[in-house]
Amino acid sequence: MTQLVIIGIYLSLLLFLGLFSSRLFKGTSKDYMLASHSIGPFLLLMSIFGTTMTAFALVGSSGEAYKEGVGVYGMLASSSGIIHSLCFFLLGIKLWSWGHKYGYTTQIQFFRERLESDRIGIILFPILVGLVIPYLLIGVMSSGVVISSITEGAFENAFAAYDYGVPPWLGSLVISLVVLVYVFFGGMRGTAWANTFQTIVFMILGVVTFFVISSKLGGLQAASDAVLEKNPSKLMRAVDPKDRERYAQKYKTWTLIAKYNYATRILKTLELTPEQKAEAYKEFKPRMPNWQMTAEALYAAKNNLYELSAEEVNKALLTQDDRVIPDPFPEKYQNGLMSHHELKEYPRKANAEKEKAMLIFGGKIGHPTHDLDPDDPSKGKKWTIKKALGVYRASNWAPDAPHPMSKLVFLTYFFVPLSVGMFPHLFQHWLTARSAGTFKLPVVAHPLFIMIVWVPCVLVGVWATSATLNGAPMFPPHFPANAVLAAMVKKMTSPVLAGFLTAGILAAIMSSLDSQFLCIGTMFTEDIVVHYGGKDRFTDKQVVLMARMFIILVVAITYGFSLLEPRRVFTLGVWCFSGFSSLFPIIFAAVYWKRLTKLGAYAGVLVAIGSWLYLFKEAKYALNPSYTFLGMMPVATMVVASATAMILVSLITRPPSKETLVRFFPED
Amino acid sequence: MRYAVYGLVVVLIIIHQDNWLWDDKRLIFGFMPITLLYQAGISMGAAFVWFLATKFAWPHHLEEIAQESPAQESPAPESGETE
């Protein structure tokens, strides 16, 4: 409950800040959308940084480091330090100067004039809004997960289905509403102020979290030494032979369990006698809550108690891993055994995990502060549903295979940060700058700020792979990556500190959501309503009202999506960024290539979004986190395809008029 | 000097691909994985290179261009006419 109160106070503070900044609102649409070009270097740095660092940076980076190891930093953070500043330097300043000179508020206004095409907005508007929505989704989804994890057991009787904590749908809803209120009233000025406040909060609390967690793990050295001993592959990008051996052993044992369960439960050709079971348990050293299954499987295998055909073994593996058994069953698996890699190609059955976990552990589930056995407190506390699911996954599903990071994937990740060049919300932030000189601080400090936030998160995620609590592993196998940071904060800190640290995580999430909300409201009014309805048709007051209404609509749509099946935050983020990166060649060419034509830009946009849609579908809509195309990150193909289409079509079509070229390239 | 700064950006991009540390799990200072430390160094190097960019490659002329014609309180001319 303490955590919940602290989070509540923090959210109230934000609302107050938003309402206070609205008192400075001049009432014009320009002030609402661009803060009247009044933002100085410090506010610009904090608002740009706060906007680019979202749930992806805190929740996503720690979760991804937990899954993939320290290589995650080089893959995205250090490259972002180079590329983001490059985009601010090469694109931001130039677009700011044109925006200041010609009065642009949105990207589409710039493209319309630069490309001499009114209709470019018709295809760009849905694409940009469509790509911002998954970005928003990352924040909305993560905020619900974080609040839910941190408030487990906060209520005595309510929300039993959510472990007596705030349900994710409610957490996401509250966060969406808070951000909505301060964007609604504060506009760009409120957003810039709130971003600055929240960026300071999450940076300070992030560093505090890092040191508290490391101290609980026995210090920096002990935390890293544990990883070196138990999961050395997480400290590099190749696979350590020790990890490979451990995995081989675990997979072998898991195979035996799969075969035993299939023989006893599906085929019913085997049943151990009570004496045999007693013998099996006698030889086994319990480690997991439902260790009996493993003991029986090992005993049966050791004594050759069952014989299965290759087809039956393959079906046993699919069944044990809760995967769909193909019908008809592939001929190649009727005689030969499938590898773990081949096994993973079959999707997991929906809800199988939850149904089985409730069936097996239903009796143990309850309020996490209540004793499992009121007469014997030494038996521990009741289980949360999350714990039951975790134990089920850890004891039933195949162990994760260690895998190296591909050098080609690492190289082509470099395309992902190019997305910053096309983020519509960042374009709008650039335009708020008071002068070109305002950009100097953000350009220099951005890579350092990324380092301050990402290095601790990545280390915490890696430490989580080997952390122990009271002698037992803190995280069982298959623990959901999105929940790693929140779970560590909850398990390793006091309720007061956990409340503050959660506020820090939420700060990072909300500081991105607000800019995104505002930018889509701005695009709707400027690029659609005012552009097509006519500038003189609406008063400034009506324009602001329409922006606010559209923001509410988009928040409602995003919130609706967040209630659907969750994806890994990092994977969803990379897909969203990849879409924006695929449009990077168009913005870069618009700024630096005089020969770019209207049709060239259309070709680039259509190829970009076409290739994105195709590859996104191929990756099972982000459900396959390790999807690559030609061994590379899909973004590389999208960027090259879009650039090629844009260049070729531009070269064979009529160049822009002299007036347009003089307008945008007067120095030449 | 401007080209030297751009050259340094290219160098950063190249050395970012640290293939030589791919299978190195050493801990520096007892806790810091060497590959993470190296990449954090890239971030610091980037900040330094961008600092040089603000000193030696800053587009001062853009400031003047923008100041010649400060922002209007209204959006750009109706671009619908350009189609």
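Trainee: Which residues of α16(A) are exposed?
Mentor: E355(A) and L359(A) are exposed, where exposed means over 50% relative accessible area and buried under 20%, with partly exposed in between (1.4 Å probe, protein chains only). This is a predicted model, where local features need pLDDT of at least 70, side-chain atom pairs count only at pLDDT 80 or more, and totals for chains, interfaces and linings use all residues. Residues are numbered from 1 along each chain as its sequence is written, chains are lettered from A and ligands numbered from 1 in the order in which they are written, and side-chain values use heavy atoms, leaving out hydrogens and water.

Trainee: And which ones are buried in α16(A)?
Mentor: A352(A), E353(A), A357(A) and F361(A), in the helix spanning residues 352–361. Looking down the axis of α16(A), these buried residues fall within an arc of 120°, so they line one face of the helix.

Trainee: What do the buried residues of α16(A) pack against?
Mentor: They pack against α17(A), residues 385–396; contact means heavy atoms within 4.5 Å.

Trainee: New topic: how do α6(A) and α22(A) cross?
Mentor: Their axes come within 9 Å and cross at roughly 55°. The two helices, α6(A) and α22(A), are therefore oblique to each other.

Trainee: Which residues of α6(A) meet α22(A)?
Mentor: I108(A), Q109(A) and R112(A) do, and on the α22(A) side they meet E526(A), D527(A), H531(A) and Y532(A).

Methods: Helix = DSSP H or I, 4+ residues; strand = E, 2+ residues; numbered from the N terminus. Arc of directions from axis to C-beta. Axes fitted to C-alpha atoms, helices over the stretch in contact; angles between N-to-C directions. Parallel < 35°, antiparallel > 145°, perpendicular 65-115°, else oblique.
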